Amino acid sequence: MLNFDLWYTKRIKIEGEKRMPKDINHKKKLLALRKIFLTKSDEAHPLTMEDIIRHLSAYEISAERKSIYRDLEVLDEFIEICRTDGRAPMGYYTVDRAFELAEIKILIDSIQASKFITKRKSDALITKRKALCSEHEAKELQRQPVLSNRIKNMNESILYTVDTIQKAMAADKQISFKYYKYNVKMEKDYFYGGTPYLESPFALISADDCYYLLAYSDIKQKFKHYRVDKMESVKIDMYSPRKGKEAFAEIDLGLYTKRSFSMYGGKDERVTMRFKNYFSGVVVDRFGKDVYMKPIDSKWFEINEVVTVSPLFFGWILSLGAEAQIVGPEEVKSDMAEYLMDIAKLY
């Protein structure tokens, strides 16, 4: 007598083997359709049924129209498939992408303009961003102006440094690193003879076309800035929890960044400045839309803002020429006069 359990097990195995190739091919076809729609189609370039069949054949997949219609219904549940109603021949496309074309253009512009990203990394990131749109849209992105003469950073590892810093902040740990600058021979000149720093990272700030780390120094008992591209051998110290949390909680990063004319630091002072009226836009760009511009007469206005008084602040005032001046306090005016005299001595 035939063992029914053994017979049933063999039967299930045989039936499964018969169905398996068909199931695998169907899954492969759905995956291929998804890739085809994301790379080959957009609103301006819909795919006809003949196009779809031709693109599937490139994956060595043959399909009939009726089965493709069913597959599109399934695919529509995961990525939106649109149809060109009222147009002949009928076409299909998807608009279901993470980024719109205009958004990708903005991202690419930002990458190109970033000095702290090397050219090689910029090119790699831009190529990856182009993969977020259709092939037709990617060609349009290739026609965008390229800032070929833009000065780029030489530190290839900056993205990995940023990643390590972010992981340390998430883990609430300190980091160790070496810090350097370039000397006149274009050699790395390490601070403290190459002795590693041990600091508590709290924020990454983009300013002055560079990327800075805001970290608390337990030795100095204050916050300090470090150029991320000048940091080397960055490591997380898993045995050292971050310090300075109470001090960081009192910092308004938005206000802090607006006040700082340079990440190299300086003393915060409330300064009264006077400008010609046509510099109102420049003032708004620097201090934000909430800045109060007090009219002095038909040609001049004044503002009173807290700024970080530093050589870069004086340089910004000088860049506006005789149409901008520091009105007070007297100490800042004296520092400005001294700064001007030091420059004049060079000429």
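Is S233 buried, exposed or partly exposed? Select S233 in strand β8 (residues 231-241): S233 is partly exposed, with a relative accessible area of 42%. Here buried means under 20% relative accessible area, exposed over 50%, and partly exposed in between (1.4 Å probe, protein chains only). Strands (E, at least two residues) and helices (H or I, at least four) are DSSP runs, numbered from the N terminus. S233 has a positive phi of about 55 degrees although it is not a glycine.

The model is predicted: local features need pLDDT of at least 70, side-chain atom pairs count only at pLDDT 80 or more, and totals for chains, interfaces and linings use all residues. Residues are numbered from 1 along each chain as its sequence is written, and side-chain values use heavy atoms, with hydrogens and water left out.

Next, select Q221 in the loop between β6 (210-217) and β7 (222-227). Q221 is not a glycine, yet its phi is positive, at about 55 degrees. With 52% relative accessibility, Q221 counts as exposed.

Proceed to T48, in the loop between α1 (4-40) and α2 (49-57). T48 is buried, at a relative accessible area of 16%. Leaving aside residues up to four places away in sequence, T48 touches P89, M90 and G91; contact means heavy atoms within 4.5 Å.

Continue into α2, where the buried residues are M49, D51, I52, H55 and L56. Seen down the axis of α2, these residues fall within an arc of 160 degrees, so they line one face of the helix. The arc is that of the directions from the helix axis to the C-beta atoms.

Now select helix α3 (residues 65-75), whose buried residues are S67, I68, D71, L72 and L75. Viewed down the axis of α3, they lie within an arc of 140 degrees and therefore line one face of the helix. The face turned away from that buried side carries the exposed residues K66 and E73.

For the sheet, display β10, β11, β9 and β12: 4 strands form an open sheet in the order β10-β11-β9-β12, with antiparallel pairing. The edge strands, each pairing on one side only, are β10 (294-295) and β12 (324-328). Two strands pair if DSSP finds at least two bridges between them. Strands β9 (residues 267-276) and β11 (residues 300-309) run antiparallel and are joined by 10 bridges. Select F275 to find its bridge partner in β11, F301.

Finally, select G328 and P329, which are joined by a cis peptide bond with omega of about 0 degrees. P329 is placed in the loop between β12 and α12.
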